Amino acid sequence: MQFVTHEMRTPLTAIQGSSELITRYALPDEKRKQIAGTINAESKRLARMIETFLDVERLSAGEMDLKRDRFAASELVDQCVVRVRPIAQRKNIDIAIENVPGSDLTGDRELMEYAVYNLLTNAVKYSPPETRVTVSGSEARGAMRLWVEDQGIGMDKQEVRRIFERFYRTRKAEQTGEAGTGIGLSIVEQIVAQHGGSIVVDSTPGKGSRFTLILPKDGGQ
Ligand code: ADP
């Protein structure tokens with residue numbers, strides 16, 4: 001709870017401060033626009049945070065029913081990549097899709113999209129400009145592997161051990177200045193577990209990381 005309120009205080013303070021400025025002072029148009037932009041961005045950030053917190057709660061309380069959708073892995077990956085590309089372009093990061101199987105996965109499509117999207121945004125967030133992110137896949141013995149590889153800041157073994165803890169962020173991640181709450185991966189891990197799968201991380205500091213989802217094709221049933 002302490003962490004949650006602490007996390008929410010930052011955008012709230014920005015929203016309060018900015019709206020006060022606008023109401024109290026006669027400001028030039030340009031300045032007003034800039035402040036309105038801040039209010040908009042910070043309230044969106046707050047809304048995202050609340051959504052994510054709710055998802056964690058529903059999942060861990062078992063209140064969220066896993067749907068049993070059937071969807072092609074390649075189509076899921078394509079959609080996630082389309083969503084991440086604009087963010088990647090800002091850093092001139094190229095996202096490549098390699099050999100992702102077109103066959104079906106069974107499970108909650110929305111949650112799986114959350115998981116893959118999260119790995120992709122992390123790969124972009126924690127990589128320097130002008131690098132490459134690759135999504136690949138393979139299939140064997142009833143399981144599908146999907147992995148996201150980057151050429152980013154990487155992590156040492158001790159850090160990797162902790163990244164699925166809620167609110168944990170590596171020091172290097174903090175230093176990048178990229179916004180984050182440190183809860184995305186804890187949700188990804190829960191989603192994958194609910195589908196009877198697992199997640200494996202290989203990473204080298206300064207070189208890059210690879211996150212592999214191992215998913216039973218029948219969604220664990
Ligand atoms: P957030 O990105 O909001 O901080 P996550 O739970 O998604 O939270 O990730 C937790 C931490 O794991 C990140 O803060 C970062 O330190 C580390 N991490 C995740 N993905 C990567 C990656 N691709 N490369 C390097 N570090 C990563």
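Which residues surround the ligand, and which of them are the closest? In this predicted model, where local features need pLDDT of at least 70, side-chain atom pairs count only at pLDDT 80 or more, and totals for chains, interfaces and linings use all residues, the shell was computed from the atoms. Residues are numbered from 1 along each chain as its sequence is written, and side-chain values use heavy atoms, with hydrogens and water left out. The ligand is surrounded by 21 residues, and the closest are Y126, D150, R169, T181 and L185.

By residue type, the shell divides into 10 nonpolar, eight polar and three charged residues. In this division Ala, Val, Leu, Ile, Met, Phe, Trp, Tyr, Cys and Pro count as nonpolar, Asp, Glu, Lys and Arg as charged, and the others, Gly among them, as polar. At least two shell residues come from each of α4 (109–125), α7 (184–194) and β7 (208–216). Helix α4 gives the most, with four residues. Helices (H or I, at least four residues) and strands (E, at least two) are DSSP runs, numbered from the N terminus.

An N or O atom in the side chain of R169 lies 2.6 Å from an oxygen atom of the ligand. For the side chain of T170, the corresponding distance from an N or O atom to a ligand oxygen is 2.9 Å. A polar backbone atom of L185 is 2.8 Å from an oxygen atom of the ligand. Taken alone, the ligand exposes 530 Å², of which the protein buries 98%. Accessible areas come from the Shrake-Rupley method with a 1.4 Å probe, and for residues only the protein chains shown count as cover.

The ligand sits in the largest pocket. On a 1 Å grid over the protein atoms alone, a pocket is an open set of points with protein on both sides within 12 Å along at least five of seven lines, whereas a cavity is a set of points where a 1.4 Å probe fits but cannot get out; lining residues have an atom within 4 Å of a point. A molecule sits in a cavity or pocket if more than half of its atoms lie within 2 Å of its grid points.

Helix α7 is largely enclosed by the rest of the structure, because eight of its 11 residues are buried. Buried means under 20% relative accessible area, exposed over 50%, and partly exposed in between (1.4 Å probe, protein chains only). The buried residues of α7 are G184, L185, S186, I187, V188, Q190, I191 and V192. Just after α7, G196 takes a positive phi of about 75°. T181, in the loop between α6 and α7, is also counted as buried, at 18% relative accessibility. The C-alpha atoms of T181 and A115 are separated by 15 Å and lie 66 residues apart along the chain.

The loop between α4 and β4 (132–140) holds T131 and E130. T131 is buried, with a relative accessible area of 12%, whereas E130 is exposed, at 61%. A polar atom of the T131 side chain lies 2.8 Å from the backbone oxygen of P128. Phi of E130 is near 65°, a positive value in a residue other than glycine. F167, likewise not a glycine, has a positive phi of about 75°; its place is in the loop between α5 (157–162) and α6 (171–175).

Further positions were located in other elements. V77 is found in helix α3 (residues 73–90) and counts as buried, at 1% relative accessibility. V77 and L120 are 43 residues apart in sequence, with a C-alpha to C-alpha distance of 9.7 Å. D104, in strand β3 (residues 104–107), is partly exposed, with a relative accessible area of 29%. A47 belongs to helix α2 (residues 29–60) and is partly exposed, at 42%.

Methods: A residue is near a molecule or strand if one of its heavy atoms lies within 4 Å of it. A polar contact is a pair of N or O atoms within 3.5 Å; within protein, one must be able to donate a hydrogen and the other to accept it, and residues adjacent in sequence count only if both atoms are side-chain atoms.
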